[in-house]
Amino acid sequence: MVASKNIPGAAGPGDNPVRKNRLSIRTREAIECYLFILPAILGLLLFYLGPMIASFVLSLTDYDLLTSPEFIGFENYRELVEDELFWQSLRVTAIYSIVSVPVVLALGLFLAVLLNQHVPGTTFFRAVFYLPTIISGVAVAMLWRWIFNTDYGILNLLLDKVGIRGPGWLTDDRFALTSLIITSIWTFGGAMLIFLAGLQGIPSELYEAAELDGAGRWRRFWTVTFPLLSNVTFFNLVLGIIGALQVFTEAFVLTNGGPNNATLLLPVYLYRNAFSYLEMGYASAIAWVMFLIVFILTLIVFRSAPLWVHYQSEGDDR
Amino acid sequence: MTGIDTTQLTPERVTRPRVSRWRTRASGDARARAVALILLIVGAVIIMVPFFWMLSTALKDPSQVYAYPPVWIPDPIRPQNFRDAAELVPIWVFARNSATIIFFVMIGTLLSCSLAAYGFARLRAPGRNVIFMVLLATLMLPSTVTLVPTYIGFNSLGWVNTFLPLTVPAFFGSPFYIFLLRQFYLTIPRDLEESARLDGASSFRIWWNIILPLSKPPLATVAVFTFFATYNDFFGPLIYLNDRDKQTVAVALSYFTGSPDVGPQMQLLMAMATLAIVPSLLMFLFAQRYFVQSIVTSGIKG
């Protein structure tokens, strides 16, 4: 991978001084490399690997921050199995992810294809669609609360105009999760940008060739665009799944898990256990279950990749 | 670049009558473009309606806020709401807190990530690639998994209710930004460094004098991403900061949302929300060029 360009085989094997000199250069380079990446290595240990292991150890304890942790084995996990709220939060998280992720990907891809048609004002549209992704957060969650307001929200006022009596979007447990999903769909811009990047990498000759073969727009999409974009779809899918399992702000500000736990996403339930009930051990057990879910899902996506991801052979390996 | 050999297709292309093909293509394209443009406009309007409604509410007289049928364009327009909102809460204290945290997070992220990225891109050392792979793997680790132990750690250091848990980690690198910068450094021609190295410059000097000045666009991208992530971060300040006068804009905003239904003085809430998105909006407008390009490069590589 890394060919040494500096000394193109000029030094023979018996050429001792050069060899020695080269070795020392190598050692020096290695030391420098370690120094450069030292903060990152420390960060990896202190903020990722360390806490991950500590999280597992904590999940085997009963710990409330005030008294010292007490080892209780797999008791927390046993409790989780019997905890109806935990199952509820798993269900809510599953529904949220299964609806939100595909819709966001489909919408992102669709608008990316539209943006790739060389229409006037592409930059403007791209910015408009990406804006909600950038401005997400509490301010936007507040805005959605106002839009979803049962009596005065603009959504229900507009529905009223066409003769539909709108539901209590955030107060009715049959609609709260839907509302949360709607807000997440609004932020499809991130996926769209990545799709757009992928589309721009597809050579136009391929489309011309497909067109000559008599392929219509629809066929061209499925025979050229979709296969060549599958690695980008893959990337977006992995990002989407991990993102969906971590949604907190919107659920916290819009509904705080309610009504009737209808929007109790896993991170919200974890937050409640850790910081409202100070059940650090139990919260860690939830965190580990969450980690296992992400791990298994990612594994499935990666394993299934050869079936549907078409990798372009890369000309450059560096 | 692609696995499909396009040269095979050329002869056939030549044999076809060029003119007619061009004509059908052009007219088909024009129609498709028109449809695309209409769909894009409709999409853009739908996307912007919530923002418009936010601004509209923020500028309304209280009597029009809950009016039926809904008033889209406020009459009279009441900019006074913004001043009232700013007087209702110590908005500048929150803004200063956010700015302080963002400042340190940006410096820390830029320094640690560009150093690490240079190490990973250019300097050879045993185990380097393994470390890089592990670093990339952590991108798939939900931050919630590490949350509790990290909190306990900062708590035992006595750092809770200070800015330190929010700023110090930035000095220890961030996998995504390291990846992004490394991809850029790999595209810088080696010749530039080689001559400096022959002159006896250390790697640190090369990084500082050659690499950094060349990588302003990706560094700007990292800075902008850091800005958005830090400014919008809700979870971090929520759990680490207790005192109200230490809060950031994001968490302070959430204090003023009432019950899920009828919030008090919605025009003031929306004025606050509008004020809160102004920094992101400005940053977005100024830096769009940079980071859209970077998503394009990193997206392809991912």
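## Two helices side by side in chain B

Let's start with helix α9 (residues 175–185) of chain B, which packs with helix α12 (residues 216–232) of chain B at an angle of about 170°, their axes 10 Å apart. Because of that angle, α9(B) counts as roughly antiparallel to α12(B); the cut-off for that label is over 145 degrees. The crossing of α9(B) past α12(B) is right-handed. Keep in mind that this is a predicted model.

Which residues of α9(B) meet α12(B)? From α9(B) come Tyr177(B), Leu180(B), Leu181(B) and Phe184(B), and their partners in α12(B) are Pro218(B), Thr221(B) and Val222(B). Sorted by type, the residues in this contact are 6 nonpolar and 1 polar, with no charged ones.

## Where the two chains touch

Now zoom out to both chains. Chain B puts 90 residues into the contact, and chain A puts in 90 residues too. On the chain B side, the largest share comes from helix α15 (residues 266–301) of chain B, with 15 residues. What types of residue make up the side of chain B that touches chain A? There are 61 nonpolar, 22 polar and 7 charged residues.

## A covered helix in chain A

Over in chain A, have a look at helix α12 (residues 266–276): 8 of its 11 residues are buried, so this helix of chain A is mostly covered. The buried ones are Leu266(A), Pro267(A), Val268(A), Tyr269(A), Leu270(A), Tyr271(A), Asn273(A) and Ala274(A).

## A buried leucine in chain B

Is Leu147(B) buried or exposed? Leu147(B) counts as buried because it has 23 C-beta neighbours inside 10 Å, and 20 or more is what the label takes.

Leu147(B) also shows how a chain can fold back on itself. Gly236(B) is 89 residues away from Leu147(B) along the chain, yet their C-alpha atoms are separated by 9.5 Å.

## The largest nonpolar core

Finally, the largest nonpolar core has 147 residues. Those with the most contacts inside this core come from both chains: Ala139(A), Met142(A), Ile286(A) and Ala287(A), plus Ile178(B), Leu253(B) and Ala273(B). Helix α5 (residues 91–122) of chain B gives the largest share of this core, 11 residues.

Terms used: Residues numbered from 1 in each chain as written. Chains lettered and ligands numbered in written order. Predicted model: local features only at pLDDT ≥ 70, side-chain atom pairs only at ≥ 80, totals over all residues. Axes fitted to C-alpha atoms, helices over the stretch in contact; angles between N-to-C directions. Helix = DSSP H or I, 4+ residues; strand = E, 2+ residues; numbered from the N terminus. Parallel < 35°, antiparallel > 145°, perpendicular 65-115°, else oblique. Left-handed = near helix turned anticlockwise from the far one by under 90°. Contact = placed C-beta atoms within 7 Å. Nonpolar A, V, L, I, M, F, W, Y, C, P; charged D, E, K, R; others polar. Buried ≥ 20, exposed ≤ 12 C-beta atoms within 10 Å, placed from the backbone. Core = buried A, V, L, I, M, F, W, Y, C linked by C-beta atoms within 7 Å.
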